[in-house]
Amino acid sequence: HDSNFNNKVVYVTDGRVDRIDPIAPVPPYRQIAAILRRRIATGKYPPDTRIPTESELVEEFEVARSTARRAVEVLRGEGLIYTVPNRGSYVRQPPEA
């Protein structure tokens, strides 16, 4: 067997990790949430910085606004971001270890 094989699902479309795969079994909003989660984890979006707005997500991923909204709601539900009315959603400080 191939020891380099791992079970982590990575969506690769056009050779870019940060694209959603429209025919994957995972719903697009979950794919976008996973991409944003990865950007938070890698520090691309540090604590207290604004993540892209729904409009920016619509543009970047070419999805409906409702899809972008659901992706943001997933992260909010996980406690990774907080939303400031009329300002946007920001990365939450990670809990102290």
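Trainee: Which backbone oxygen does the side chain of glutamine 31 reach?

Mentor: Good place to start, and keep in mind that this is a predicted model. Glutamine 31 belongs to helix α1, which covers residues 28-41. At 2.9 Å, its side chain reaches the backbone oxygen of valine 26.

Trainee: Which residues touch the most other members of the largest nonpolar core?

Mentor: As background, nonpolar side chains in soluble globular proteins tend to be buried together. Here the largest nonpolar core has 19 residues, and the ones touching the most other members are Ile32, Leu57 and Phe61.

Trainee: Which helix gives the largest share of this core?

Mentor: Helices α1, α2 (54-61) and α3 (65-77) each supply at least two of the core residues. The largest share is six residues, and that share comes from α1.

Trainee: Let's move to the strands. Which residue stands opposite tyrosine 82?

Mentor: Strand β1 (residues 81-84) and strand β2 (residues 88-91) run antiparallel and are joined by four bridges. Across from tyrosine 82, the residue in β2 is tyrosine 90.

Trainee: Which residue in the hairpin of β1 and β2 takes a positive phi?

Mentor: Most residues other than glycine have a negative phi. In this hairpin, three residues lie between the strands. The one with a positive phi, near 65°, is asparagine 86.

Trainee: How exposed is asparagine 86?

Mentor: Asparagine 86 sits in the loop between β1 and β2. Exposed means over 50% relative accessible area. Asparagine 86 passes that cut-off and therefore counts as exposed, with a relative accessible area of 83%.

Trainee: Why does aspartate 48 count as partly exposed?

Mentor: Aspartate 48 lies in the loop between α1 and α2, and its phi is positive, near 65°, although the residue is not glycine. Partly exposed covers the range between buried, under 20%, and exposed, over 50%. Aspartate 48 is called partly exposed because its relative accessibility is 40%.

Conventions
Residues numbered from 1 in each chain as written. Predicted model: local features only at pLDDT ≥ 70, side-chain atom pairs only at ≥ 80, totals over all residues. Heavy atoms only, no water. Polar contact = N/O pair within 3.5 Å; in protein donor to acceptor, adjacent residues only side chain to side chain. Core = buried A, V, L, I, M, F, W, Y, C linked by side-chain atoms within 4.5 Å. Buried < 20%, exposed > 50% of the residue type's maximum accessible area, 1.4 Å probe, protein only. Pairing = 2+ DSSP bridges.
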